[in-house]
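The entries follow the order in which I went through the model.

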Amino acid sequence: TGIIGSAVAAGCGLFAATMNFFTDMFLTPPLKATLRSLEEAELKTLKGETQIVTARSLWERSGAVIMAVRRPALYLCNNQEAAALSSLKPQLDELGVPLYAVVKEDVGTEVQNFQPYFKGEVFLDEKRRFYGPRERKMGLLAFLRVGVWMNGLRAFKNGFMGNVLGEGFVLGGVFVIGRGQQGILLEHREIEFGDKVNTEDVIRAARRI
């Protein structure tokens, strides 16, 4: 039984590695963001009267943790990552570092449905600065990746639900940005749907601000 189990596990691992290698060939590799490419982004507020703010104002005095959301209220797994980042809010508050999110579209009640999972202000990044400088998409080939199915199953088991409205293929990420010209201290780019940032890395980077 042990031999059979080991053989099955090895076979599954080989299959997963093969599928990842195949789908990676069709995925545009990310380009590192620069402070200059992000700081001039014009972001729209989504609460109350609409205002335009420059992204630089979010971190200029205090630094910031910013989640670029692939799509709010998405089953595959933005709500789960939002909740994980929000669990850091007490530690971030002690450090004086705010938590924000940006979305690339505002469809229906998606942002409102996302807010219970995310304990920070959400902005609209219509020009998708936080999804560049080279925008990356993972299409239906994502569902050939074992990790995507595992991430989705984990989200479902943990009670994170969502819908399938809006555009959900442009990959997002998480940034920790220092105050002033300190720069980008952490840049996590999604490799596949449900690829979450390590929250310990986020806190370590925030402590450097």
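What follows are my entries, beginning with the ground rules and the overall figures.

**Ground rules.** I am working with a predicted model, in which local features need pLDDT of at least 70 and side-chain atom pairs count only at pLDDT 80 or more, while totals for chains, interfaces and linings use all residues. Residues are numbered from 1 along each chain as its sequence is written, and side-chain values use heavy atoms, with hydrogens and water left out.

**Overall figures.** I looked up the secondary structure and found eight helices and seven strands, where helices (H or I, at least four residues) and strands (E, at least two) are DSSP runs numbered from the N terminus. Of the 209 residues, 45% count as buried, and buried means under 20% relative accessible area, with exposed over 50% and partly exposed in between (1.4 Å probe, protein chains only). The accessible surface, computed by the Shrake-Rupley method with a 1.4 Å probe, comes to about 10,700 Å², and 58% of it belongs to carbon and sulfur atoms. I also noted that, among contacts (heavy atoms within 4.5 Å) between residues at least 6 apart in sequence, 73% join residues at least 24 apart.

**Strand E4.** I next asked which residues of E4 are buried on each of its faces. Leu99, Ala101 and Val103 on one side and Tyr100 and Val102 on the other are all buried, which accounts for five of the five residues of the strand. For pairing I used the rule that two strands pair if DSSP finds at least two bridges between them. Strand E3 (residues 64-68) runs parallel to E4 and is joined to it by four bridges, with Ile66 standing opposite Tyr100. E4 also pairs with E5 in the parallel sense, again over four bridges, and there Val122 is the bridge partner of Ala101.

**Strand E6.** E6 is largely enclosed by the rest of the structure, because five of its five residues are buried. Gly173, Phe175 and Ile177 point one way from the strand, whereas Val174 and Val176 point the other way. E6 pairs with E3 in the antiparallel sense over five bridges, and in that pairing Ala64 stands opposite Ile177. With strand E7 (residues 184-189), E6 also forms an antiparallel pair over five bridges, where Ile184 is the bridge partner of Ile177. The hairpin of E6 and E7 has six residues between the strands, and I noted that Gly180 in this hairpin takes a positive phi near 55 degrees.

**Aromatic pairs.** How many aromatic pairs does the model hold? I counted rings of Phe, Tyr and Trp (its six-membered ring) as paired if their centres lie within 6.5 Å, calling planes under 30 degrees apart stacked, over 60 edge-to-face and the rest tilted. By this rule the count comes to three aromatic pairs. One of them is Tyr100 with Phe123, edge-to-face at 5.7 Å centre to centre and 65 degrees between the planes. Since Tyr100 lies in E4 (residues 99-103) and Phe123 in E5 (residues 121-124), this pair ties together parts that are 23 residues apart in sequence. Both Tyr100 and Phe123 are buried.

Phe130 and Phe175 have their ring centres 5.7 Å apart and their planes at 75 degrees, so this pair is edge-to-face. Phe130 lies in the loop between E5 and helix H7 (146-157) and Phe175 in E6 (residues 173-177), so the pair ties together parts that are 45 residues apart in sequence. Phe130 counts as buried at 1% relative accessibility, and Phe175 is buried with a relative accessible area of 0%.

**Ser86.** I found Ser86 in helix H4 (residues 78-86), where at 4% relative accessibility Ser86 counts as buried. Leaving aside residues up to four places away in sequence, Ser86 touches Leu99, Tyr117, Phe118 and Lys119. Ser86 and Tyr117 are 31 residues apart in sequence, yet 7.3 Å apart in space, C-alpha to C-alpha. The side chain of Ser86 reaches the backbone oxygen of Tyr117 at 3.1 Å.

**Helix H8.** Which residues of H8 (residues 199-206) are buried? They are Val202, Ile203, Ala205 and Ala206. Seen down the helix axis, these buried residues fall within an arc of 165 degrees, so they line one face of H8; the arc is that of the directions from the helix axis to the C-beta atoms.

Terms used. A polar contact is a pair of N or O atoms within 3.5 Å; within protein, one must be able to donate a hydrogen and the other to accept it, and residues adjacent in sequence count only if both atoms are side-chain atoms.
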